[in-house]
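This report goes through one protein model, part by part. Please look at the sequence and the structure below before reading on.

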Amino acid sequence: MLFRSEERISALNAIGIALSSERDLDRLLDLILTEARRFTGSDAGSLYLLEDAEDQTQLRFKLAHNDAVEFEFAERTMPLNDDSMAGYVAGHVEAIVLDDVYAIPDERPYRFNSGFDDMTGFRTRAMIVVPMLDHVGGTVGVLQLMNPRGADGEPTTYPDDLLPLLTSLATQAAVSIKANELTLAMRRLFEDFASAAVAAVEMRDPTTAGHSHRVAGYSVELAKIVDGLRDGPYETFTFEDRKSTRLNSSHV
């Protein structure tokens, strides 16, 4: 169900806070698409990311949601050109809003791919496609939503005043993705530095070679045991499921 105008602003702020607090990329992407669909009352949606492949840039079809039909999804890549709506939006940094994807004017360069509809019986109707731009205007990906429902639950079209707000949401999402990627790159750099430093120290004394790696392994296994405790003095100790674990406990 589409939000009313005053609800959209409040929802947009809440979504921005949620996006900024998520550090896992896969969960972040799922959150972006889930909240975008909820924000617009859309039955379905897709998310694409730009990626460099050899000497060209392409789109990766990263995620798809659909409340109306069950389907098996597999990531795939597609060329960055004007043939598809996602490719056109990414290449031209221009949003597309359609009341009926099966009635695209002939003068438009893009066409709707009905393969999913033909395979599942789903009927795509209205669609809105917006670029996901980061803080410097670089295109990170494309957000594609379809088949909104009105307050009565019946199929409707996307209102004109929704596009600026959805564009803002897409920008927040893009900035969150870039921040996530930067954090991951910094973490990998630190881990590479730590590994090189440990290797250099251990090479100085063959009798203690491997000691640091063994201690690290024992520490991880001990953390797993502690994390699984459900009683006793350490029952409140928990560790996040990521390499950079952070202790969340009242004991610290």
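## The largest pocket

In this predicted model, the largest pocket has a volume of about 660 Å³. Its lining consists of 29 residues. Tyr48, Phe61, Arg76, Asn113 and Phe116 are the lining residues that lie nearest the centre of the pocket. Two or more lining residues come from each of these elements: strand 1 (42-53), strand 2 (56-66), strand 3 (76-79), helix 3 (85-92), helix 4 (115-120) and strand 6 (139-148).

By residue type, the lining of the largest pocket divides into 16 nonpolar, 9 polar and 4 charged residues.

## Strand 6 and its partners

Strand 6 is mostly covered, with 9 of its 10 residues buried. Strand 1 pairs with strand 6 in the antiparallel sense, over 7 bridges. Within strand 6, Gln144 is the residue that stands opposite Ser46.

Strand 5 (residues 127-133) also pairs with strand 6 in the antiparallel sense, over 7 bridges. Here Met132 has Gly141 of strand 6 as its bridge partner. Strand 5 and strand 6 form a hairpin, and 5 residues lie between them. In the turn of this hairpin, Gly137 has a positive phi of about 85°.

In a regular strand, side chains alternate between the two faces of the sheet.

## Nonpolar cores

The largest nonpolar core has 29 residues. Those with the most contacts inside this core are Ile32, Phe39, Leu47, Met132, Leu143 and Ile177. The elements that contribute two or more residues to this core are helix 1 (5-21), helix 2, strand 1, strand 5, strand 6 and helix 5 (162-203). Helix 5 gives the most, with 8 residues.

There is also a second, separate core of 23 residues. Among its members are Tyr48, Ala64, Val129 and Val142.

## Glu35 in helix 2

Glu35 is located in helix 2 (residues 25-40). Is Glu35 buried or exposed? Glu35 counts as buried because its relative accessible area is 15%, and the cut-off for buried is under 20%.

The side chain of Glu35 makes a polar contact with the side chain of Arg38, at 2.7 Å. Glu35 and Ala18 are 17 residues apart in sequence, and their C-alpha atoms are 9.5 Å apart in space.

Terms used. Residues numbered from 1 in each chain as written. Predicted model: local features only at pLDDT ≥ 70, side-chain atom pairs only at ≥ 80, totals over all residues. Heavy atoms only, no water. 1 Å grid on protein atoms, 1.4 Å probe; cavity = no way out; pocket = protein on both sides within 12 Å on 5 of 7 lines; lining within 4 Å. Points joined across faces, edges and corners; volume = space filled by probe spheres on them. Helix = DSSP H or I, 4+ residues; strand = E, 2+ residues; numbered from the N terminus. Nonpolar A, V, L, I, M, F, W, Y, C, P; charged D, E, K, R; others polar. Buried < 20%, exposed > 50% of the residue type's maximum accessible area, 1.4 Å probe, protein only. Pairing = 2+ DSSP bridges. Polar contact = N/O pair within 3.5 Å; in protein donor to acceptor, adjacent residues only side chain to side chain. Core = buried A, V, L, I, M, F, W, Y, C linked by side-chain atoms within 4.5 Å.
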